[in-house]
Amino acid sequence: MTLSAAALLALVPSTASAYPNPGTVTGATVVHDPTMIRTSAGKYLLYATGGGLAERSSTNRIAFTAGRDAFTTKPSWWSSYATEAWAPDISYHGGKYLMYYAVSTFGSNKSAIGLAGSTTGEPGSWSDYGIVYTSTTSSDYNAIDPNLFVDDDGTWWLSFGSWWTGIKVIQINPSTGKQLSTNTTRYSLAARPTGTKAVEAPYIVKRGGFYYLFASYDTCCAGTSSTYKVKVGRATSVTGPYYDKSGVAMTNNGGTPVLESHGSVIGPGGQSIMNDSDGDLIVYHYYDGNAGGTPKLGINLLNWSTGWPVAY
């Protein structure tokens with residue numbers, strides 16, 4: 001899709017009501033924290049928070065069918081942190097599907113990030129590779145909401161974080177999927193040092209020579225009372241510093257809005273970015289004000305013509 005300058009200008013939200021409604025999806029669309037990938041056969045695989053990481057699939061990106069959990073049996077190490085997993089992140093590298101995920105109880109920073117692999121990406125096919133990174137109740141960060149980013153030069157990075165001192169990133173060893181032993185630095189990418197600490201769910205992409213950090217701000221998981229929203233900043237290095245469109249650092253409460261509540265679309269967030277045949281997609285959940293605040297799947301295309309992502 002090619003947009004004229006006038007049409008693109010019309011896409012830029014001037015008020016919350018100008019944000020686009022989610023694209024049409026049907027079927028099994030009750031999700032939290034969705035991550036999606038398209039297989040070589042053209043099938044869309046989506047995993048989301050729920051039980052052992054709930055699967056959905058689609059052949060056309062519209063009609064979704066519910067499948068089984070990723071794991072037939074929950075890994076035993078989960079019990080040290082929680083009974084359920086959160087916020088999966090699916091990708092495909094080296095002939096294998098990888099899925100990072102978090103194990104934690106709500107509101108605690110005694111948390112762990114795990115990793116699993118599969119040759120098909122289908123539920124029940126995942127082999128768990130164990131713990132990647134942890135935080136404790138004495139940590140100033142929280143090891144949840146992981147996202148793997150692979151740079152053009154082949155270096156791997158894992159961003160993560162929620163509340164506390166914000167979003168972090170570490171370098172990953174591509175051969176293990178775990179932290180690179182020769183670089184154990186934990187870099188800070190985004191934070192809210194004053195007021196609420198509510199920033200989480202990082203997702204990094206590289207477009208047009210810039211690194212873009214998407215994150216969810218404010219309160220999730222409160223139905224129609226949710227205040228979640230998606231913001232973005234960009235940098236010339238994967239480790240930052242990231243700045244918003246106004247030049248405010250994301251480590252100092254910065255962030256340019258991408259999606260906010262509007263109409264019956266309440267608290268959009270828990271986002272991931274996926275490149276498809278028709279462009280980049282932002283895949284997220286929101287609370288449906290027309291359905292009592294039920295969490296629903298949202299999908300919109302992104303346009304980058306201004307140098308900043310605009311959902312439409």
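Trainee: What relative accessible area does Asp152 have?
Mentor: A word on the ground rules: this is a predicted model, where local features need pLDDT of at least 70, side-chain atom pairs count only at pLDDT 80 or more, and totals for chains, interfaces and linings use all residues. Residues are numbered from 1 along each chain as its sequence is written, and side-chain values use heavy atoms, leaving out hydrogens and water. With a 1.4 Å probe and protein chains only, buried means under 20% relative accessible area, exposed over 50%, and partly exposed in between. Asp152 is exposed, its relative accessible area being 66%.

Trainee: Which residue forms a salt bridge with Asp152?
Mentor: Here a salt bridge needs a side-chain nitrogen of Lys or Arg within 4 Å of a carboxyl oxygen of Asp or Glu. For Asp152 the closest N and O atoms of the pair are 3.1 Å apart, and the partner is Lys206.

Trainee: Good, and how many residues apart in sequence are the parts that Asp152 and Lys206 tie together?
Mentor: Strands are DSSP runs of E, at least two residues, numbered from the N terminus. Asp152 is in the loop between strand E10 (147–150) and strand E11 (156–160), while Lys206 is in strand E15 (residues 199–207), so the parts are apart in sequence by 54 residues.

Trainee: Which residue forms a salt bridge with Arg207?
Mentor: Arg207 is partly exposed, with a relative accessible area of 25%. The closest N and O atoms of the pair are 2.7 Å apart, and the partner is Asp280.

Trainee: In which strand is Asp280?
Mentor: Asp280 counts as buried at 5% relative accessibility. Arg207 is in strand E15, 73 residues away from Asp280, which is in strand E20.

Trainee: What is the bridge partner of Ser272 in E20?
Mentor: Two strands pair if DSSP finds at least two bridges between them. Strand E19 (265–276) is an edge strand, and E19 pairs with strand E20 (residues 279–288) in the antiparallel sense over eight bridges. In E20, the bridge partner of Ser272 is Val283.

Trainee: With which side chain does the side chain of Ser104 make a polar contact?
Mentor: Ser104 counts as buried at 3% relative accessibility, and its place is in the loop between strand E7 (96–103) and strand E8 (111–118). A polar contact is a pair of N or O atoms within 3.5 Å; within protein, one must be able to donate a hydrogen and the other to accept it, and residues adjacent in sequence count only if both atoms are side-chain atoms. At 2.9 Å, the side chain of Ser104 makes such a contact with the side chain of Ser111.

Note on methods:
Helix = DSSP H or I, 4+ residues; strand = E, 2+ residues; numbered from the N terminus.
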